[in-house]
Amino acid sequence: MTLEFRCADVGVACRNAARAETEEELVAAVAEHARTKHGVELNDTLVDFARTKVRVTGGAAGG
Ligand SMILES: [Zn+2]
């Protein structure tokens, strides 16, 4: 199972998709991306919001 977060899903004009095996790793990756690419420090509120937008990918069927 792979978790994916796309900036576009939270209304950011950015085509980046962060992926990780665990939610903890994904949040870390998203936080780093937000900081380096968007100059945004994720606080608890933003992290909670981002978690609601996480997709599960890498399934066998479809895609
Ligand atoms: Zn982005």
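## Pocket, cavity and zinc site

The largest pocket is lined by Phe5, Cys7, Val10, Val12, Val30, Ala34, His38, Val40, Leu42, Leu46, Phe49 and Ala50. Two elements, H1 and H2, each give two or more residues to this lining. The volume of the largest pocket is about 230 Å³. Its lining residues fall into eleven nonpolar, one polar and no charged. The structure discussed here is a predicted model, and the values below are to be read accordingly.

**Enclosed space**

Rolling a probe the size of a water molecule over the atoms shows where empty space is left. In this model, a search of the whole structure returns one cavity of 30 Å³ or more. The largest cavity has a volume of about 70 Å³. Its lining consists of Phe5, Glu23, Leu26, Val27, Val30, Leu42, Val47, Ala50, Arg51 and Val54. H1 provides four of these residues, the largest share, while H1 and helix H2 (44-51) each contribute at least two. By class, eight lining residues of the largest cavity are nonpolar, none is polar and two are charged.

The two spaces are set side by side below.

| Space | Volume | Lining by class |
|---|---|---|
| Largest pocket | about 230 Å³ | eleven nonpolar, one polar, no charged |
| Largest cavity | about 70 Å³ | eight nonpolar, no polar, two charged |

The zinc ion is coordinated by Cys7 through SG, Cys14 through SG, His33 through NE2 and His38 through NE2, at 2.0 to 2.3 Å. The arrangement is tetrahedral because the four donor atoms subtend angles of 100 to 116° around the zinc ion; the criterion for four donors is that all angles lie between 85 and 135 degrees.

Along the chain, the donors of the zinc ion follow the spacing C-x6-C-x18-H-x4-H. Cysteine 7 sits in the loop between strand S1 (2-6) and strand S2 (17-20), and histidine 33 sits in helix H1 (residues 23-38), so this pair ties together parts that are 26 residues apart in sequence.

Both members of that pair can also be described by solvent accessibility, for which buried means under 20% relative accessible area. Cysteine 7 is buried, because its relative accessible area is 5%. Histidine 33 has a relative accessibility of 13% and therefore counts as buried.

Definitions and conventions. Residues numbered from 1 in each chain as written. Predicted model: local features only at pLDDT ≥ 70, side-chain atom pairs only at ≥ 80, totals over all residues. Heavy atoms only, no water. Donors = N, O, S within 2.8 Å, 3.2 Å for Na, K, Ca; no water. Tetrahedral: all angles 85-135°; square planar, octahedral: opposite > 155°, others 65-115°. Helix = DSSP H or I, 4+ residues; strand = E, 2+ residues; numbered from the N terminus. Buried < 20%, exposed > 50% of the residue type's maximum accessible area, 1.4 Å probe, protein only. 1 Å grid on protein atoms, 1.4 Å probe; cavity = no way out; pocket = protein on both sides within 12 Å on 5 of 7 lines; lining within 4 Å. Points joined across faces, edges and corners; volume = space filled by probe spheres on them. Nonpolar A, V, L, I, M, F, W, Y, C, P; charged D, E, K, R; others polar.
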